[in-house]
Amino acid sequence: MPAIALKTVLMFASALFLAGAKPLPAPDLEKGKKIYVATCQACHGEKGDGQTFVANVLNPPPRNFTSPAAKKELTLERMVRSVTRGRPGTAMMPWKDNLTAGEIRAAAAFIRREFMELRE
Ligand code: HEC
């Protein structure tokens, strides 16, 4: 087959593939919410503002996700890293042995949508 025809075939094939390819799955916000309520809310609060009973005895206190500072500082990558590995010297423990990477990402995505009012 001449090289030019092969190239055309390949382009056609990849166009078909792209047309059929699904976009990256959206983060599972329902799953993220369940995880948040079950494992994070006790410290971070129903509204994500860190105003919880346990916050009284935590130093540093749990992060207030609704603050402008949090919105500025907390990238999705940083959040995933902090939840995965924890924040040494604080009550924020590493969750990597209790939650899958997908669950951690889902919880972070839920926090961003629900409390930080970010699109992603
Ligand atoms: C026992 C209380 C507690 C629980 C439970 C808890 N956190 Fe935290 N979290 C904290 C504290 C305290 C901090 C503040 C750490 C600091 O100032 O560095 C924090 C900080 C964070 C931060 C910001 C970290 C950063 O990089 O500044 C994120 C994101 C976070 N928590 C997410 C979660 C998620 C998601 C869960 C549930 C899977 C969770 N937390 C469960 C206490 C908790």
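Reader: Where is Glu117 found?
Author: Glu117 sits in the segment after helix 5. Helices are DSSP runs (H or I, at least four residues), numbered from the N terminus. This is a predicted model: local features need pLDDT of at least 70, side-chain atom pairs count only at pLDDT 80 or more, and totals for chains, interfaces and linings use all residues. Residues are numbered from 1 along each chain as its sequence is written.

Reader: Why is Glu117 called exposed?
Author: Glu117 has 10 other C-beta atoms within 10 Å. Exposed means 12 or fewer within that distance, buried means 20 or more, and partly exposed lies in between, with C-beta atoms placed from the backbone. Therefore Glu117 counts as exposed.

Reader: What is phi of Glu117 near?
Author: It is near 50°, a positive value in a residue other than glycine. Most residues other than glycine have a negative phi.

Reader: What makes helix 2 and helix 5 roughly perpendicular?
Author: Helix 2 (residues 29-44) and helix 5 (residues 101-114) pack at about 90°, with axes 7 Å apart. Axes are lines fitted to C-alpha atoms over the stretch in contact, and angles run from 0 to 180 degrees between N-to-C directions. Under 35 degrees is roughly parallel, over 145 roughly antiparallel, 65 to 115 roughly perpendicular, the rest oblique. So the two helices are roughly perpendicular.

Reader: Which residues of helix 2 and helix 5 make the contact?
Author: Among them are Ile35, Tyr36 and Cys40 of helix 2 and Ala106, Phe110 and Ile111 of helix 5. Contact means C-beta atoms, placed from the backbone, within 7 Å.

Definitions and conventions: Contact = placed C-beta atoms within 7 Å.
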